[in-house]
Amino acid sequence: MTEPLIAIDDPRRDDVRALLEQHLALANQNSPREDVHALDVDGLLNPALTFFSCRTDRSLLGIGALKELDAAHGELKSMHTAAAARGRGIGRAMLTHLVAVARERGYRRLSLETGTMDAFAPARAMYANAGFEPSQPFADYTPSPNSTFFTLPLADLVAGA
C-alpha cells in the first residue's frame, strides 16, 4: 500500500460525492436542520474554497477544505474521514495539512464550527489536541447550543511546529 497523499481535488468526483453524502447524512442525523453547516458539492465549488482529498492506492480516505474568509483568516470546512479509514490518523493528517496551507497563505487565524452532540466529540477532541481553542462565532455564524466554535492563532506558530 502506498502512503496516503493529500492534494487538491475536485468535489464533483464520484467517490468524493459519495463521501460527501455520508458527511451530510451524519450532520443531518445529529444536528437540527438550522444548525447543519456542512457543505454539499455546490458549496464546495465556491471560489473562496480549496478542496483537498487524502488518497492511497486509488482509495479515498478523507476530505477537507480551506475557506478564505479574508486575507488573514481561514476556516476549515467539510473535514470527514471515510468509515473504513478511521483510527489511522487520516483526520489528523488532513488537519495538519490544512493548517500548513493556511500558514503558507499568511493567515493569522484559522477557525471552524462543529457540533456539540456526542457524535462530534472525536472531532472536538482532535481539534483541541491540535491547539484549537473554543471561541466565539465568527464570519456569518450565530450563537447556538448546537454549535461550538474553535480558533487557532497562526501568527505565533513557528514553521514546522
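Predicted model: local features only at pLDDT ≥ 70, side-chain atom pairs only at ≥ 80, totals over all residues.
Residues are numbered from 1 along each chain as its sequence is written, and side-chain values use heavy atoms, with hydrogens and water left out.

**The largest pocket**

- The space in the largest pocket comes to about 780 Å³. A pocket is found on a 1 Å grid over the protein atoms alone, as an open set of points where a 1.4 Å probe fits, with protein on both sides within 12 Å along at least five of seven lines. Grid points are joined across faces, edges and corners, and the volume is the space filled by probe spheres set on the points.
- In total, 34 residues line the largest pocket, and Met79, His80, Phe120, Ala123 and Tyr127 lie nearest its centre. To count as lining, a residue needs an atom within 4 Å of a point.
- At least two lining residues come from each of α1 (14–30), β4 (73–81), α3 (90–104), β5 (109–115) and α4 (121–129). These labels are DSSP runs numbered from the N terminus: helices (H or I) have at least four residues and strands (E) at least two.
- Strand β4 gives the largest share of that lining, with seven residues.

**Around the end of β4**

- Thr81 sits in strand β4, and Thr81 is buried at 14% relative accessible area. The scale runs like this: buried is under 20% relative accessible area, exposed is over 50%, and partly exposed is in between (1.4 Å probe, protein chains only).
- Not counting residues up to four places away in sequence, Thr81 touches Leu61, Gly62, Arg86, Ile90 and Gly91. Contact here means heavy atoms within 4.5 Å.
- Ala82 belongs to the loop between β4 and α3, and Ala82 is buried too, with 13% relative accessibility.
- With residues up to four places away in sequence set aside, Ala82 touches Leu19, Leu60, Leu61 and Gly62. Ala82 and Ile63 are 19 residues apart along the chain, and 8.5 Å separates their C-alpha atoms.

**Helix α4**

- Arg124 has its place in helix α4. Beyond its neighbours within four places in sequence, Arg124 is in contact with Thr114, Gly115, Thr116, Met117, Thr148 and Phe150.

**Salt bridges**

- Side chains of opposite charge can pair when their charged atoms come close. A salt bridge needs a side-chain nitrogen of Lys or Arg within 4 Å of a carboxyl oxygen of Asp or Glu, and a search of the whole structure turns up five of them.
- Asp9 and Arg13 make one, with their closest N and O atoms 3.1 Å apart. Asp9 is buried at 15% relative accessible area, while Arg13 is partly exposed at 40%.
- Asp10 and Arg12 make another, at 2.9 Å from N to O. Asp10 is partly exposed at 27%, and so is Arg12 at 45%.
- Arg55 pairs with Asp15, the closest N and O atoms being 2.6 Å apart. This pair links distant parts of the chain, 40 residues apart: Arg55 is in strand β2 (residues 49–56) and Asp15 is in helix α1.
- Arg55 is buried at 13%, whereas Asp15 is partly exposed at 28%. Through shared partners, salt bridges join Asp9, Arg13, Asp15 and Arg55 into one network.

**Aromatic pairs**

- The whole structure has five aromatic pairs. Rings of Phe, Tyr and Trp (its six-membered ring) pair if their centres lie within 6.5 Å, and planes under 30 degrees apart count as stacked, over 60 as edge-to-face and the rest as tilted.
- Phe138 and Phe149 are edge-to-face, because their ring centres are 6.0 Å apart and their planes are at 90°.
- Phe138 lies in the loop between β6 (133–135) and β7 (147–153) and Phe149 in strand β7, so the pair ties together parts 11 residues apart in sequence.
- Phe138 is buried at 4% relative accessible area, and Phe149 is buried at 4% as well.
- Tyr127, Phe132 and Phe150 form one aromatic cluster.
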